[in-house]
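Here is my note on the structure you sent. Please read the points with the model open beside you.

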Amino acid sequence: MPDSNPTPTPTTPNRNLAWAFVAIALAAIFSALSLARRIHIEQRNKAVGICMEMQVLNDLAASSGRPLLGVLLNLKARGLTGIAISEETVSALLQEGHLTWTMGRLGGAPEILERVAWAIKARAGINPVITGGTLELPPMITRSSFAGLSLGLNPNETTAATAADLSILARHGNVQGASPAYIDAMLGRSRELGADFYLPEGEQALGQRALIPYTAEALRRLKLVYVAPEFAKIGGDALLTQKSVDNVVRLHSIQAADVDKMVPAEVADRFQRAYRERDIRWLLVRPITLAAENPMMATMEMLDSVRKAVLHEGGTIRVPKPFEDPAVPRIVFVLIGLSAALLASWVWLELLSWGDRFSWNPVGITGVLLIFALGAACWIVQGRLLMSLVAAMAFPIAAYQIVQAMLDRSKIHPFALFGLMTIVSLVGGFCVAGLLNELPFYVRAEQFFAVKLAHFGPILVVGWILLKGRFSLRQILGNPVYWGSLVVSLIILGGLGFMLARTGNDNPAAVSGLELRFRGLLDAILYTRPRTKEFLIGHPALILGLCMLIREREKVPSTQVMAAGVLLMTLGAIGQTSIVNTLCHIHTPLDISLARIAIGLILGSMLGLILWGYLQKAWKPLRAQ
């Protein structure tokens, strides 16, 4: 026998769905106008550069007994595109014996002493005197303060790179007392020696902190492109990227300690995903081993595997270039914002009314006016950022409100409702992607903010919508609490809390080794890895919840089944908000984001269908008539 019947709140067929569907259609159309430009930009920029560090190449030349130029030419044939050359210091030349220090005097070859004199002038504004093969140092310069003096790039190394027709990534770090003149001198000399890119070295970018804007201006003036290292904690990198959005290329590297634990196939796969999934355009390759029977051949094979992996994904191996601005007309942003505002207003009024007509009270009117004002404010960047958050929350909530109204109307297949909800959430993601379709988001100088709120805010709202639509508050509070229900609720709340900690760009919760292996398996067998919380939790839960509520609508309702359906549908909001969030990652190519969503939907639907078949046989309340 079924349990005591619930007393659902009376719901009248909603007469305002047309408003919602019109808003969704308009949002889809206007978002497509913006995203078409993004697709065009992404398709035009497929160039990927593969670089190595000059120190590694020097060691490789020494160990193989070959001239440096010969090594560079052999590696270039296997995909090497550029060389990262670090600045030399006085201490390094002293250790190597190219310089000698005697009582405040330096001795060495004339060309080296000239480099030292140039470096002292760049750093301190002093012109030291060179006489008879020695350089007189000013009295205030001690050996300890002098040893770390940067001499810029080694001309012999830049000459070899230029002779091999390889691009040069000049590496400079920040120093105490760096001035605009110092920045101009270092970057200018690197440009004269043939550098096309600047890659920070050490813990700070050149000019950190106050002179970062000047560094960005100097890079532009000297026609040097800034290379922003991914995942690196370098002081000034974020600000320099923001100041160089039209003059920046992102780089991915694998630390030597991590490379040592990987096999060549894993290295190639990691670089492949960096290019395909995150728009990385420079790949800094390090040797997978320091010991081999033939180090040169091992390096060539590794470069070849990385090159083939990039080519397999449609990339082209050549010197990369910065992304272009999509130049979306501002009116398109406003149209997207207003269409999203139309749906957000519908969501707002629906939350206030709960009837067949909207209640145009002062609270409702004020909310609508504010939402439309925000939509019109999409003319400016700040308005677009705020409206993207509104859209990210409004569309998943709207999907549930639409289904809530349709569940009581007629017989609709659960998968049809699941598809409808997914389309609504997908359009919400398109709105966010369309509003944030600007160059700073391509290079991660800017990112979608309030990720946690966009993820979990709608879940709380839809839970309230479903409970209010199926049960009365008095009934919920008056029913006894069962241990089973309490344990399940605590598990779900704990899971949501864990995902809340895991969500975001810099989340505190570490990924376990087991999960990393699971992700690696998905990466290996699928075109791209879907989000785990979508296909393992969100989508199956939503399908099960829809199946339960529709099943109970067609027979005598069971409190247990209906409560379980509401709980599962609420949990299913994880998948819907995650769909929107996937499209918020503007630095990920649009086709990859769509593929990730599609694969998650397929796997999640299959899992949901399997679980539903099992529950119909195993759970007694579902078998009761």
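**Notes on a helix contact and some salt bridges**

1. Gln576 touches Pro396, Tyr400, Phe418, Met421, Thr422, Ser425, His539 and Leu542, leaving aside residues up to four places away in sequence (contact means heavy atoms within 4.5 Å). With 0% relative accessibility, Gln576 counts as buried (under 20% relative accessible area; exposed is over 50%, partly exposed in between, with a 1.4 Å probe and protein chains only).

2. This is a predicted model, in which local features need pLDDT of at least 70 and side-chain atom pairs count only at pLDDT 80 or more, while totals for chains, interfaces and linings use all residues. Residues are numbered from 1 along each chain as its sequence is written, and side-chain values use heavy atoms, without hydrogens and water.

3. Gln576 lies in helix H24 (helices are DSSP runs, H or I, of at least four residues, and strands, E, of at least two, numbered from the N terminus).

4. A search of the whole structure finds 22 salt bridges (a side-chain nitrogen of Lys or Arg within 4 Å of a carboxyl oxygen of Asp or Glu). One of them joins Glu88 to Arg115, with the closest N and O atoms 2.9 Å apart. Glu88 is in strand E3 and Arg115 in helix H5, so the pair ties together parts 27 residues apart in sequence. Both Glu88 and Arg115 are buried.

5. Arg596 forms a salt bridge with Glu277, the closest N and O atoms being 3.3 Å apart. Arg596 belongs to helix H25 and Glu277 to helix H12, so this pair links parts that are 319 residues apart in sequence. Arg596 and Glu277 are both buried.
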